[in-house]
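Colleague: I am new to this structure. Could you take me through it, beginning with the ligand?

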Amino acid sequence: MTSSPTSTPRLPSAERRAPFEHALLEAADIAALSPSSHNCQPWGVAWPTGRGARRAVERLVDETPDDGHQAPDGISGESGTAGGDSDGSDSDRGDLYRGDSDEDEYVILALDRERELTSLPAHAVEMLVSCGAYLQILLRSLALQGWSTDRIRFVEPLGAGRTGRADFQTGVAYDAGRSLGDTWPVSWSPLCAVRLRRTDEPDGSPAEIRRTALARRTNRAPYRPEAVEPAVLDALSAPSTGVAAGADVTVRHLVADDDRAAFAGFVARHGGRDFSHRQAWRETYSFVRRDEAEAQARGDGFPLSQLFGPLSTPRRHALRLALAPTTMSVLRHAGYHRVLARQLARVVRPTPAIVAMGLADASPGVEATIRGGARLAEYWLRATEAGLVLHPVSVVLQHDDVRKELQDRLGLPGRTFFVSRLGRPLTDFPRSPRRIGARAVRTI
Ligand SMILES: Cc1cc2nc3c(=O)[nH]c(=O)nc-3n(C[C@H](O)[C@H](O)[C@H](O)COP(=O)(O)O)c2cc1C
């Protein structure tokens, strides 16, 4: 092949893209291990390879935000120079889209509406938190393979008018999905677009984050009663990296006896809400799998043993029957939901620490909530590395009246979006099922 001395030889685009494709699939495999409410895994990642889609996402990323949505310096990596047009000006957006002549790649994080929880307004926050946790691990895994985040542009598509939900500050109602072309999956709502640039020397290897992501899991068993050392708690709250670096999140640890007792009492009083809320419980129950085999086959949700520990077959059948929505709607008149709340409180009470995370804004938008989720992922991975485990207790956040009472009672500012037991495990907990990482990735 000959080429003029002034131009770099161009590889066919599929060949040029192969290294990124490999890195993206590896990163998606690791990020699939992220936590999500009910293990619903509501995320999707679009990789624009078609000319039109790349042009559209480039425009999206380069749009100059007038509302402070641009990624802060901590997020933007080294600005790439490939293509000679990295200033983002409109003037050079003539014949080719910028990425065509250089090595930039883009991904778009989306909320998959077919996988999201919808029975409670607060689920909208939990879905974004889950997607934010996924994004943090995805981008970290890409960075460790030499693809660092250069720029992130958030979109605020969840207008109350469109979704009927009023708990988000909506920003501009912007149907970015449609603008990304015909290949955009119809059930996906774009949350943010990311530009990635090749870097030469990653500061680690993806095997490290894979190890930690595999070791991280929700542990609902009793914990060791000893206090968690203050220095360890401080390290968990230290400034974050990646998408989480821009998060306006307060992390509060409840370790004093009074606070922990107050929290356990609160769980005993309100922890039955989900069981007694017909729609919420019906939705939760749809994620309960008969056994490990069904859970593995479906790749999401949880077998009963994940919630209640190892079970004999007769007890498993009895529990499944007792928890079925139709039985529950009868048993709640006899106060069964209060029995379950007291059971949960009994596990919470001796836990040495409770962590509460809050967003500064009482009505957070998409960006703040995604970054909050990223912060949560960072926290949970650090806790795992420190030999700690978590067990979220979201029922006290899922109903606005209960959440506000909890925040008042414990003096938690802003919008508490995550509350969890934290401690050192007494027993291992089984890993929960996952969909294959590549299933969340689509080329557009
Ligand atoms: C935002 C959020 C809220 C959660 N709330 C609860 C909860 O209330 N109770 C619970 O047992 N697990 C909760 N979890 C944990 C998930 O159920 C768990 O991440 C999922 O089942 C996957 O299991 P793993 O964390 O062991 O990988 C929550 C997770 C997230 C991300």
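Modeller: The largest share of the shell around the ligand comes from α3, which gives four residues. Helices (DSSP runs of H or I, at least four residues) and strands (runs of E, at least two) are numbered from the N terminus. Please note that this is a predicted model, in which local features need pLDDT of at least 70 and side-chain atom pairs count only at pLDDT 80 or more, while totals for chains, interfaces and linings use all residues. Residues are numbered from 1 along each chain as its sequence is written.

Colleague: How many residues surround the ligand, and which are the closest?

Modeller: The ligand is surrounded by 20 residues, and Pro-35, Asn-39, Arg-217, Pro-392 and Ser-394 are the closest. The elements giving two or more residues to this shell are α3 (123-143) and β9 (389-392). A residue is near a molecule if its C-beta atom, placed from the backbone, lies within 6 Å of it.

Colleague: How do the residues of that shell divide into nonpolar, polar and charged?

Modeller: Eight are nonpolar, nine polar and three charged. Here Ala, Val, Leu, Ile, Met, Phe, Trp, Tyr, Cys and Pro count as nonpolar, Asp, Glu, Lys and Arg as charged, and the others, Gly among them, as polar.

Colleague: Turning to the whole chain, how many helices and strands are there?

Modeller: The chain has 17 helices and eleven strands. Of its 444 residues, 44% count as buried. A residue is buried if 20 or more other C-beta atoms, placed from the backbone, lie within 10 Å of its own, exposed if 12 or fewer do, and partly exposed in between.

Colleague: Which residues have the most contacts inside the largest nonpolar core?

Modeller: They are Val-45, Val-107, Leu-109, Cys-131, Leu-138 and Leu-191, in a core of 107 residues. The largest share of this core, 14 residues, comes from α3. A nonpolar core is a set of buried Ala, Val, Leu, Ile, Met, Phe, Trp, Tyr and Cys residues joined through C-beta atoms within 7 Å.

Colleague: What does Leu-138 touch?

Modeller: Setting aside residues up to four places away in sequence, Leu-138 touches Ala-27, Ala-28, Ala-31 and Val-45. Two residues are in contact if their C-beta atoms, placed from the backbone, lie within 7 Å.

Colleague: Now α15, please. Which of its residues are buried?

Modeller: His-337, Leu-340, Ala-341 and Val-348 are buried in α15. They cover an arc of only 100° around the axis, so they lie on the same side of α15. The arc is that of the directions from the helix axis to the C-beta atoms. These buried residues pack against α8 (257-270), α9 (273-276) and β10 (415-423).

Colleague: And why is α16 described as largely enclosed?

Modeller: Because 17 of the 20 residues of α16 are buried, the helix is largely enclosed by the rest of the structure. Just after α16, Gly-387 takes a positive phi of about 80°.

Colleague: Back to α8: is Arg-260 buried or partly exposed?

Modeller: Arg-260, which belongs to helix α8, counts as partly exposed because it has 19 C-beta neighbours inside 10 Å. Apart from its neighbours within four places in sequence, Arg-260 is in contact with Leu-254, Thr-351 and Ile-354. The C-alpha atoms of Arg-260 and Ile-354 are separated by 7.0 Å, although the two are 94 residues apart along the chain.

Colleague: Finally, is Leu-214 buried or exposed?

Modeller: Leu-214 is exposed, with 12 other C-beta atoms within 10 Å. This residue is found in helix α6 (residues 206-215).
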